[in-house]
Amino acid sequence: VQLQASGGGSAKAGESLRLSCAASGDIASINTMGWYRQTPGMQRKLLAIITSGNHTNYGDSVKGRFTISRDNARNTVYLQMSSLKTEDTGVYYCYALLLPSGRQLLGTYWGQGTLVTVSS
């Protein structure tokens, strides 16, 4: 099982970016998917999560600006980031809580991280 994140890059404050993260491999089902952000010297910070039933929850720092969604047919989670701020700069990691085929326990899998840089 692999998670492949894409869509990072540079933007100016106030602009938008969209991140994608696709899970691939022998997957029986995907429970929760989400995004974290990490900045130098800090722990990963939860930004947004979405359940298999499309219930969402957001961190206070991105509420009202970021939107998480998923395409279950493509095993893909998205993060639409609008009204970007310089403090949104960081490495963005996607994750999925999923059940690999042939297994009995859910496991947490992480994408490789994608860098987002927001300048003023």
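Strands β1 and β3 (residues 17–24) pair in the antiparallel sense, with five bridges between them; two strands count as paired if DSSP finds at least two bridges between them. Within this pairing, Q2 has S24 of β3 as its bridge partner. The model is a predicted one, in which local features need pLDDT of at least 70 and side-chain atom pairs count only at pLDDT 80 or more, while totals for chains, interfaces and linings use all residues. Residues are numbered from 1 along each chain as its sequence is written, and side-chain values use heavy atoms, with hydrogens and water left out.

Turning to the overall picture, the protein holds eleven strands and zero helices. Here strands (E, at least two residues) and helices (H or I, at least four) are DSSP runs, numbered from the N terminus. The C-alpha atoms fill a box of roughly 50 × 25 × 20 Å along the principal axes. The radius of gyration is 14 Å, which agrees with the value near 14 Å for a compact globule of 120 residues; it is taken over C-alpha atoms, and the globule rule is 2.2 Å times the number of residues to the power 0.38. Of the 120 residues, 39% are buried, where buried means under 20% relative accessible area, exposed means over 50%, and partly exposed lies in between (1.4 Å probe, protein chains only).

The β1 and β3 pair belongs to an open sheet of four strands in the order β1-β3-β8-β7, with antiparallel pairing. Its edge strands are β1 (2–6) and β7, each of which pairs on one side only.

Neighbours within four places in sequence aside, the contacts of L79 (heavy atoms within 4.5 Å) include L17, L19, W35, L47, F66, I68 and Y92.

The structure holds one disulfide, a term for a pair of cysteine sulfur atoms within 2.5 Å. This bond joins C21 to C94 with an S to S distance of 2.0 Å. The link is right-handed, with 55° about the S-S bond. C21 lies in β3 and C94 in β9, so the pair ties together parts that are 73 residues apart in sequence. Both C21 and C94 are buried.

N54 has a positive phi of about 70° although it is not a glycine; N54 sits in the loop between β5 (45–50) and β6 (56–58) and is partly exposed at 45% relative accessibility. S83, likewise not a glycine, has a positive phi of about 50°. The place of S83 is the loop between β8 (76–81) and β9 (90–100), and S83 is partly exposed with a relative accessible area of 40%.
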